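Hi,

Here is the structure I promised to pass on to you. Have a look at it first, and then read on for what turned up in it.

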Amino acid sequence: MTTPTILEKIKAYKLEEVAATKADVPLEEMEDRARAAPPVRPFHEALLNAANGGYGLIAEIKKASPSKGLIREDFDPAALAAAYAEGGAACLSVLTDTPSFQGAKEYLTQAREACELPVLRKDFMYDTYQVVEARSLGADCILIIMASVTDAEAAALEQAASDWGMDAIIEVHNAEELKRAEALTSPLIGINNRDLNTFETTLDTTRTLARYVPEDRLIICESALETPEDLADIARYGARCFLIGETLMRADDVASATRHILANPLTAGGM
Ligand SMILES: O=P(O)(O)OC[C@@H](O)[C@@H](O)c1c[nH]c2ccccc12
């Protein structure tokens, strides 16, 4: 027997979780809740508008991660959301997975209520039930991790997001996953610089893959971004949208750290 990969382990516990939630809240009931949720905020549009004038930042609310352990002690999703909005983020991402990221479904609702930004539910999605649940929590966008789903699962998740008026980010980590992503219709392609099975990170992943992304898709460079220089460098490869968690979560003053990383390193400074 081969040892399961990290993504396989996550998938196993996530499917159990989903089965338990479904037993508690049947699909019809979850659909009622989704219909009663506040209207969808335009995620793609907010990102695109911000990227046209500079950078489109998706700022992530992330308490802990499997590779880094606890990232932020003082963790108030509503205050963090307000700080991100003040600092110039275009959208938010909120981790709702508990076993690996110490996230929670309520964090998404709390963060979204504290600002006007569209919100990505950051979780491991396999079942369209989770998409309905995401909408019931207020999510405006979902993540589809190609490394963790089949083509059929990805297509079903994407369709469910679209049925509920939400956007979907298709996350890829290599050329093969990018090819599979191209068969889907979502215009949002996330290039994850972190290998979710080994946790290794390198911005070379984006530098290498960006040129193969079709022109009609919007590239989001995800993970391991630390400085304004990183953003400026990656922008030269055609990506103007960024998903950043840890660097901002480690800052004492989250609003000013957000402003700082979004500043153009060529024109900033000198104050
Ligand atoms: O904290 P970082 O290195 O800035 O990364 C943020 C985000 O890209 C990362 O949390 C992430 C990207 N794809 C994921 C999929 C599942 C869980 C987490 C992720």
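In helix α3, which runs over residues 43–53, the buried residues are F43, H44, A46, L47, A50 and A51. Viewed down the axis of α3, these buried residues fall within an arc of 165 degrees, so they line one face of the helix. On the face turned away from that buried side you will find the exposed residues E45, N49, N52 and G53. Please keep in mind as you browse that this is a predicted model.

**The nonpolar core**

In soluble globular proteins, nonpolar side chains tend to be buried together. Here the largest nonpolar core has 77 residues, and the ones touching the most other members are I58, C91, L92, I142, I144 and F242.

**Around the ligand**

Which residues are closest to the ligand? They are E222, S223, L243, G245 and E246, out of 15 residues that surround the ligand. By class, this shell is made up of 5 nonpolar, 4 polar and 6 charged residues. Strand β10 (241–244) and helix α11 (246–249) each supply at least two residues of the shell.

**Two loop residues with positive phi**

Q102 has a phi near 50 degrees, a positive value in a residue other than glycine. Q102 sits in the loop between β4 (91–95) and α5 (105–113). With 18 other C-beta atoms within 10 Å, Q102 is partly exposed.

A224 has a phi near 65 degrees, again a positive value in a residue other than glycine. Its place is the loop between β9 (218–222) and α10 (228–235). A224 has 19 C-beta neighbours inside 10 Å and counts as partly exposed, since being buried takes 20 or more.

**What the record says**

An unreviewed UniProt entry carries the annotation "domain: Indole-3-glycerol phosphate synthase" for residues 7–260. Over residues 7–260 the chain is 45% helix and 17% strand, and the end C-alpha atoms are 33 Å apart.

Enjoy looking around, and write back whenever you like.

Best wishes

Methods. Residues numbered from 1 in each chain as written. Predicted model: local features only at pLDDT ≥ 70, side-chain atom pairs only at ≥ 80, totals over all residues. Near = placed C-beta within 6 Å. Helix = DSSP H or I, 4+ residues; strand = E, 2+ residues; numbered from the N terminus. Nonpolar A, V, L, I, M, F, W, Y, C, P; charged D, E, K, R; others polar. Core = buried A, V, L, I, M, F, W, Y, C linked by C-beta atoms within 7 Å. Buried ≥ 20, exposed ≤ 12 C-beta atoms within 10 Å, placed from the backbone. Arc of directions from axis to C-beta. UniProt positions renumbered as here; feature names shortened; annotations may be inferred.
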